[in-house]
Amino acid sequence: MQQFIDASTPGIRLWTEQRGPADAPPLLLVMGAQATGLGWPEPLVDALAAHHRVIRYDHRDTGRSSWPFEEQPYRIADLAADVVAVLDGLGIPRAHLVGLSLGGMLAQMTLADHPDRLISATLMGTSALSTTPYTRPDGTTVPVGELPGIAPEVLEMWARPVEDHGAEAEVERRIAHWRVLAGDLLPFDAGFFRALEHRVIEHTGHYRVGTAHGRADVSGMLRTDALAGNRVPTLVIAAPAEPVFPPPHPQHIAQAVGNARLVEIPGMGHALPPAVHAPLAAAILEHTGAVQPAG
């Protein structure tokens, strides 16, 4: 079922889709920067929807949601407020929350600011919104600013200007981007990502590249103390081939966020290819299934 709901900012609307039994525990999927809800692959959504009322949505300036940034700039914090707006708009008091990349940051902000709205959280492909140093296994500590940065090949691709050479050329550019984001531990399935991007373009209605989230105000995102005191059961997915927030970023999140535990998905990078769908779904469902929602 698809429907539009009001975002946290008046006049902005967000596309949502629900799948699975209406009376099952709700699970909200939050995608990364400039990614539509269709970035959550169909097989993964279907696996989760066998046990949950799964909701995915298009961030503002993606997909079928409003594209307001040029006339109405906003903060990343506004995107975090949209998470709660989606729950409100669909009449959901509390939900399991799964966030990837920027979505993982929005999930952390929701954990910190609205823990009463969450049953559990799952964070992947992201970094801690915390200044708490990372403690290595040998007991030594690393300041957050000294943790590994984004891989050079990713930065180089992000620095390239995007030129319009038509829809098919744009699809091929996106496939090359996914190839870098996927890492080098699993075979790359270009056909899967090509089909994904064709669906995204058809869903969106155009192939223009959005840049709003990269230009949005990032101030006020840190939640060090609130995350340290978190009591919402939280799963952190460790991806050994992650090129954007490489290890030990997941380990750092598991330390910086209270009540968190770590599970590694073999071969996973900063993408969701077919090889990770089953183990990722299993990890998420084991986590959500172990949580008893409070009344």
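1. Helix 2 (residues 76-89) packs against helix 3 (residues 102-113) at an angle of about 70°, and their axes lie 9 Å apart. Helix 2 is therefore roughly perpendicular to helix 3 (65 to 115 degrees counts as roughly perpendicular). Axes are lines fitted to C-alpha atoms over the stretch in contact, with angles from 0 to 180 degrees between N-to-C directions.

2. To this contact (heavy atoms within 4.5 Å), helix 2 contributes I76, A77, L79, A80, V83 and V84, and helix 3 contributes L102, L106, M109 and T110. Nine of the contact residues are nonpolar, one is polar and none is charged.

3. The model is predicted: local features need pLDDT of at least 70 and side-chain atom pairs pLDDT 80 or more, whereas totals for chains, interfaces and linings use all residues. Residues are numbered from 1 along each chain as its sequence is written, and side-chain values use heavy atoms, without hydrogens and water.

4. Strand 9 (residues 234-238) is largely enclosed by the rest of the structure, because five of its five residues are buried (under 20% relative accessible area, 1.4 Å probe, protein chains only). T234, V236 and A238 point one way from the strand, and L235 and I237 point the other way.

5. Strand 9 runs parallel to strand 6 (residues 118-124), joined by four bridges, and T122 stands opposite L235. Strand 9 also runs parallel to strand 10 (residues 260-264), through five bridges; here A238 stands opposite E264. Pairing requires at least two DSSP bridges between the strands.

6. Strand 9, helix 9 (residues 249-256) and strand 10 form a right-handed β-α-β unit: with the strands pointing away from the viewer, the path from the first strand over the helix to the second runs clockwise. Helices (H or I, at least four residues) and strands (E, at least two) are DSSP runs, numbered from the N terminus.

Note on methods: Buried < 20%, exposed > 50% of the residue type's maximum accessible area, 1.4 Å probe, protein only. Parallel < 35°, antiparallel > 145°, perpendicular 65-115°, else oblique. Nonpolar A, V, L, I, M, F, W, Y, C, P; charged D, E, K, R; others polar.
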